[in-house]
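Dear colleague,

I am handing over a structure for you to look through, and my notes on what was found in it follow below. Please keep the structure open beside them while you read.

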Amino acid sequence: MQSSVHNQDNLHVAIIMDGNGRWATTKGLPRTSGHFAGIAALRGVVKAAPGMGVATLSVYAFSSDNWRRPASEVAALMDLFRFYLVRDLTPLVEASVKLVAIGRRDRLSDELAKLIAHAEAVTARGTRLTLRLAIDYSSRDAILGAVAACRPPPTREELAQQLAGNSVPADVDLLIRTGGEKRLSDFLLWEAAYAELYFTDRLWPDFRAHDLALALGDFRARDRRFGGLSTTAGQPTASADHDRASRAPASAP
Ligand code: IPE
Ligand code: IPE
Ligand code: MG
């Protein structure tokens, strides 16, 4: 069994925060109210995550394909990102959260790009949780960009470092998608190579700390083998940290 000392688990959890629009529509509200309610759900999860053994939380806020949405919805989302970065900056610092944005910045407004850079600088010393906010993010583009930035062609470790940017490279341990869809929608394709996948019908604005605890409970009951054999079937039990540290990259046959 893995450690029950959750705050030493050092997990990387990724969340595809989906279902905001449906949450609003079923209530007869405009889709943007769902996005607004989604911010409250994010706050709850950010607050609860460090106490549940999560060291890194990567959340999908806006995919590069989301530019295809109506301009009014895109504008409302950009407003909300600005609102969050202003309104939540002090609480994030007080909670010792380090905020890092992943994704393209050149298509964001100057104002939003500046707010992101400011939030990253002000929260840089946070140690309790690294919150990676994916805005204008495409995993395929991130991989292409990381490969192009390395010369000669990168090793796995170099590519992982390039993809991690300002955060410590860490494979995703648990990837949660709310909203009932069972797909990755171009999120963290490289980093989630051995992630445990958890899909829930819960719509993102209804997702609470309790739901995160349920997902982590499910995760902790799984047998992660990384291509090897079960550590619970007669072999010495290794801690989760040891498992991660000793995970050998596959070599060519
Ligand atoms: C996720 O919720 C938020 C973003 C993609 C920005 P959606 O807006 O995709 O909500 P649904 O899937 O339409 O319900
Ligand atoms: C993925 O959700 C992106 C975010 C949650 C930000 P989408 O709602 O855009 O994904 P698809 O279109 O259902 O695959
Ligand atoms: Mg959606």
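**Around the ligand**

A polar side-chain atom of Arg69 lies 2.7 Å from an oxygen atom of ligand 1; please bear in mind that this comes from a predicted model. Asp18 also places a polar side-chain atom by the ligand, 2.8 Å from an oxygen atom of ligand 1, whereas Gly21 approaches with a backbone N or O atom, which lies 2.9 Å from an oxygen atom of ligand 1.

Six strands form an open sheet with parallel pairing, and their order is E3-E4-E2-E1-E5-E6. Strand E3 (97-102) and strand E6 (196-199) stand at the edges with a single partner strand each, so one side of each has no neighbour in the sheet. On average, neighbouring strands of this sheet are turned by 20° against each other, direction ignored.

Strand E1 (residues 11-16) pairs with strand E5 (residues 174-177) in the parallel sense over four bridges, and the bridge partner of Val13 in E5 is Leu174.

**A helix on the sheet**

Helix H8 (residues 209-220) packs on the sheet, where it touches E1, strand E2 (54-63), E5 and E6, and its direction makes about 135° with that of E5. The buried residues of H8 are Asp211, Leu212, Ala215, Leu216, Phe219 and Arg220, and they pack against E1, helix H2 (31-48), E2, E5 and E6.

How values were computed. Residues numbered from 1 in each chain as written. Chains lettered and ligands numbered in written order. Predicted model: local features only at pLDDT ≥ 70, side-chain atom pairs only at ≥ 80, totals over all residues. Heavy atoms only, no water. Pairing = 2+ DSSP bridges. Helix = DSSP H or I, 4+ residues; strand = E, 2+ residues; numbered from the N terminus. Axes fitted to C-alpha atoms, helices over the stretch in contact; angles between N-to-C directions. Contact = heavy atoms within 4.5 Å. Buried < 20%, exposed > 50% of the residue type's maximum accessible area, 1.4 Å probe, protein only. Polar contact = N/O pair within 3.5 Å; in protein donor to acceptor, adjacent residues only side chain to side chain.
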